[in-house]
Amino acid sequence: MTDLSTPTLATPLFPAANADRAAPATGHIRVEQLRVVFGRGANATLAVDDASIEVKPGEFVSIIGPSGCGKSTLLNVVAGFVAPTAGSSTVDGKPTDKPGADRGMVFQQYSLFPWLTVRKNVEFGLRQQGLPLSRREQMARTLLGLAGLLAFENHYPDQLSGGMRQRVGIVRALATSPQVLLMDEPFGALDAQTRQVMQQILTNMWQRFKLSVLFITHDIDESIYLSDRVYVMTARPGRIKAEIPIDLPRPRTPEIAFTPEFLALKQQLRALISAESLLAMGGELKDGGLEGFELSVGEKGVGDLL
Amino acid sequence: MMNLTGTIGGGGRQGWIAAVVGLAGTTVIWIFASYALFVVTWNIAAGVLDNPVLLPSAGLTLDAAAQLISSGILLSDVLASLKRVVLGFAMAASIAIPLAMLMAFFSTLRRLTMPIVQLLRPIPPIAWIPLAVLWFGIGDPPSYFITAIAAFFPIFLNAFEGGISVEKRHIHAAQFLGAGRRAMIMKIIVPSSMPYIWTGVIVGLGQSWMAVVTAELIAAQSGLGYMIQNSRINLETANVLVGMITIGLLGSLMVAGLRYLERYVLPWKATQ
Ligand SMILES: Nc1ncnc2c1ncn2[C@@H]1O[C@H](COP(=O)(O)OP(=O)(O)OP(=O)(O)O)[C@@H](O)[C@H]1O
Ligand SMILES: [Mg+2]
């Protein structure tokens, strides 16, 4: 596999890459009493209701919840694609009323530009910032090196595997040095093995760049493994049902999934979510269905993946 | 290895031909066989008709071609037609592509102008000839107009199709990377439409080439269409055939040339 360690830069290319830095003062996401209604009249859908979340500077926060509960809607408000019906969303006090280069976004679907090579994709945002070519190239190559993708810099996205494309997507989002990284189930389409590698790479990048990350996932293990805090959403209309701090030590390795602390968190989240999932499915499954969600943990055989 | 495949696959003949001359050689052999079949049929028909005004033999046509080439007449007519195609086509492309991109991006412009385009589109280039002659007289200018009209619609419609099928995720991603309006059009919408634009360009060039002959039949004093028309009046049927074959050859060469260029215009498609 690729080099997962964090190589040290001879000269720090990116201001945020300086690991000695104190916790950054920017990248503070605040969503307050957010309410989002789609449509009007009889067709109106209340997607998110009275949701308040916060991502402090440098924090990694996940949102987890049943399908259709409004996770993407919430993230899209922070992204600036969706306007709040009520409540507010700000990054560093600035309303998130449109998308912008102060936030990086990684989409669930691969959104690389197929007509550009891997390196040109990464350079895209730098070019919009008006950086000269040589500097752009240097930064793009450094970042691609960190993600183990330098050998593919001149490939086109269609020539890459799904995992590689998503890695390029992350690198591209990071290139403009945003303070905030928004991720909507970025690894949802990947197989379990690739997913683990990607989680590792993301963690490395996050620590190196001291970003605030708002991460959406379906996967309980993923949310625990990556996050400082996890918000659990209710079935639609999405409200915040619980806020679970993940006080596991870092750096975390995949083996952490076998520790009692991890398993306890997993049980806790599972219980919270399974109740909501049942609600989301309209109560088709009665109490008996719950047993299925309480199966013994650790069946995935996580440890031997890396 | 080819031989083995041929024997096992039972496609014996193609197998051993390919084994001797290679796959490219096989293609060439088939093209020659096809042309030979055409010439033989032609000569049989010419022999049956036995009237060089109705249908001269291949040999007579070849003689006529040799004469037209050595006298330089064919070359000057080819150049006259090519110039009209290239200029009219270039004008069409330079208007159609930017217009299509703008219309894909600005919905007000699109709503305002699309009905006009739909109204003009079904009018064949030949129906524009009377107006072209009235407006521009006889000579090169009406031909430019006709070749431009012929190329415009395929290029415009394809480019527009490309412009509106730009994927939303690419637009969103570009917004997050700080792209403004200009970058959105030039760096996202245009390249993302390029495969469509290129299809339009190939079809448009073909249409333009067909239209130039039509225009020259009626409204010009030079070019391959004019030569054909003139030779018909003088009952020089062999020259008519030379003109027709030249048109066919040049038309397919131009399209083949564009297909070859595709790997440079759409490099990301070439690698798949
Ligand atoms: N643009 C829209 N117009 C109308 N309704 C919408 C729109 N976007 C989302 N919705 C509705 O809002 C609700 C929440 O959708 P959202 O995509 O936020 O859910 P989600 O939690 O991300 O689901 P999933 O886990 O399946 O991705 C759904 O009922 C959805 O149908
Ligand atoms: Mg979603």
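**Exercise 1. Find how far apart the C-alpha centres of domain 1 and domain 2 of chain B lie in this predicted model.**

Start with the bounds: domain 1 of chain B covers 1-50, and domain 2 covers 72-270.

**Exercise 2. Describe what chain A and chain B share where they touch.**

Step one, count residues. With contact taken as heavy atoms within 4.5 Å, 24 residues of chain A meet 19 residues of chain B.

Step two, look at the area. The two chains bury about 2,000 Å² between them, and 70% of that is on carbon and sulfur atoms.

Step three, check the polar side of things. You'll find zero salt bridges between chain A and chain B, but three residue pairs are in polar contact, both partners at pLDDT 80 or more.

Step four, ask which elements of chain A take part. Those giving two or more residues to the side that touches chain B are β6 (103-106) and α2 (118-128) of chain A. Of the contributors, α2(A) gives the most, with four residues.

Step five, sort that side of chain A by residue type: 13 nonpolar, seven polar and four charged.

**Exercise 3. Work out how β9(A) and β10(A) are joined and paired.**

First, trace the chain: a hairpin takes you from β9(A) to β10(A) through six residues. Next, check the direction: β9 (residues 229-233) and β10 (residues 240-245) of chain A run antiparallel, with five bridges joining them. Finally, pick out a pair of facing residues: Val230(A) stands opposite Ile244(A) in β10(A).

Technical notes:
Residues are numbered from 1 along each chain as its sequence is written. Chains are lettered from A and ligands numbered from 1 in the order in which they are written. This is a predicted model: local features need pLDDT of at least 70, side-chain atom pairs count only at pLDDT 80 or more; totals for chains, interfaces and linings use all residues. Side-chain values use heavy atoms; hydrogens and water are left out. Buried area is the accessible area (1.4 Å probe) that two parts lose on being put together, summed over both. A salt bridge is a side-chain nitrogen of Lys or Arg within 4 Å of a carboxyl oxygen of Asp or Glu. A polar contact is a pair of N or O atoms within 3.5 Å; within protein, one must be able to donate a hydrogen and the other to accept it, and residues adjacent in sequence count only if both atoms are side-chain atoms. Ala, Val, Leu, Ile, Met, Phe, Trp, Tyr, Cys and Pro count as nonpolar, Asp, Glu, Lys and Arg as charged, and the others, Gly among them, as polar. Domain bounds come from an automatic or database domain assignment. Two strands pair if DSSP finds at least two bridges between them.
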